[in-house]
Amino acid sequence: MALEGKPVADRILKEVKEGVEELGFSPGLAIVRVGDDPASKVYVSSKIKRAEEAGIKGTEHHLPETATEAELLELVHQLNIDSSVHGFIVQLPLPPQINAEKVLEFIYPEKDVDGLHPLNLGKLVAGDPHFVPATPLGVMEMLSHYKIETAGKNAVVVGRSNMVGKPMSALLLNANATVETCHSRTKDLAEHTRRAEILVVAVGKPKLITGEMVREGAAVIDVGINRIEGKLAGDVDFETVSKKARVSPVPGGVGKLTVACLMKNVLKAAQEKK
Ligand code: NAD
């Protein structure tokens, strides 16, 4: 059985919409995009579209590829103090002249709906999460929707980025799984992945995970997004892995959940400001 994202995302977006109706006002989400990365452009327009559907006012702020760090920090400052903006994100990646860590640290933690401020990442690791990055949050929603128990299970996360791998490992640990985090320097990846009852893959390499690397009956969540000849593909070889395990497809899996969980974070930010 494929672990489809759509039913989970639809439920979350419905709950967000109901939450917004209860609030009595439209929460404001601002999205900052710098430069002309084509994938970022697509992601931002889909976030704005989903926001509007959920009753959230989404606004895009676009700076040119040549924007300086000071210009971006000034925009972040304006959004920090704008009371009509309940939460905002700076779409990554940023052009090389801008230090992304510095920008993320400049965002007020109470508006950091991407959960990438060190305070929010720290709270997550401390077991007291506030805003959690939307992609790993979406994976947890998927596990819960498909009634995949985490407590006491062997979970393996492949990838250790601040946006996906690390918060994913922290969430699974907080949910009482026994967690291993694998990465580019891991020796014999298959030896680790074969132990996983829950395997989350967030690397960006098509077909990195094949059938023989996966345990029979495992739940495999494919976070990877790769573009091959204009088509989207994940990091998991769906054909061989789906014969042994439940797998989330790409497209149609985690991607939809990321956007839905971002809206969940925006609603939370607005509820706290009420
Ligand atoms: P990243 O490049 O920051 O991190 C990739 C990680 O993979 C690194 O930690 C690295 O150590 C690890 N890695 C690289 N080669 C490896 C190998 N051979 N074996 C094991 N580990 C290896 O990327 P990211 O931002 O974490 O994103 C990962 C993937 O997830 C990308 O394909 C990205 O497009 C996708 N993504 C999807 C969503 C979504 O909504 N579905 C959201 C964010 C990212």
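Is Thr-258 buried or exposed? With a relative accessibility of 18%, Thr-258 counts as buried, where buried means under 20% relative accessible area, exposed over 50%, and partly exposed in between (1.4 Å probe, protein chains only).

Before going further, some ground rules. This is a predicted model, in which local features need pLDDT of at least 70 and side-chain atom pairs count only at pLDDT 80 or more, while totals for chains, interfaces and linings use all residues. Residues are numbered from 1 along each chain as its sequence is written, and side-chain values use heavy atoms, with hydrogens and water left out.

**Around Thr-258**

Thr-258 sits in helix α10; helices (H or I, at least four residues) and strands (E, at least two) are DSSP runs, numbered from the N terminus. Leaving aside neighbours within four places in sequence, Thr-258 is in contact (heavy atoms within 4.5 Å) with Ala-134 and Thr-135. With Thr-135 there is also a side-chain to side-chain polar contact of 3.0 Å. A polar contact is a pair of N or O atoms within 3.5 Å; within protein, one must be able to donate a hydrogen and the other to accept it, and residues adjacent in sequence count only if both atoms are side-chain atoms.

**Domains and cores**

The chain is assigned domain 1 (23-108) and domain 2 (134-255), with bounds that come from an automatic or database domain assignment. Taken over C-alpha atoms, the centres of domain 1 and domain 2 are 28 Å apart.

The largest nonpolar core has 53 residues, and those with the most contacts inside it are Leu-29, Ile-56, Leu-172, Val-200 and Met-263. Here a nonpolar core is a set of buried Ala, Val, Leu, Ile, Met, Phe, Trp, Tyr and Cys residues joined through side-chain atoms within 4.5 Å. Helix α10 (residues 254-273) gives the largest share of this core, eleven residues. Domain 1 (23-108) and domain 2 (134-255) both contribute residues, so this core lies between them. A second, separate core of 19 residues includes Leu-79, Val-85, Ile-107 and Leu-116.

Back to Leu-29: beyond four places in sequence, its contacts include Ile-56, Phe-88 and Val-113, as well as Leu-262, Met-263 and Val-266.

**The five-stranded sheet**

An open sheet of five strands runs in the order β5-β4-β6-β7-β10, with parallel pairing; two strands pair if DSSP finds at least two bridges between them. β5 (178-182) and β10 (246-247) are at the edges with a single partner strand each, so one side of each has no neighbour in the sheet. β7 (residues 219-222) and β10 run parallel and are joined by two bridges, with Val-220 opposite Val-247 in β10.

Helix α7 (residues 165-174) lies across β4 (154-158), β5 and β6 (198-201), at about 170 degrees to β4. Axes are lines fitted to C-alpha atoms, for helices over the stretch in contact, and angles run from 0 to 180 degrees between N-to-C directions.

The bond from Leu-92 to Pro-93 is cis, with omega near 0 degrees, and Pro-93 lies in the loop between β3 (87-90) and α4 (100-106). Val-250 and Pro-251 are also joined by a cis peptide bond, with omega about -5 degrees; Pro-251 is in the loop between β10 and α10.
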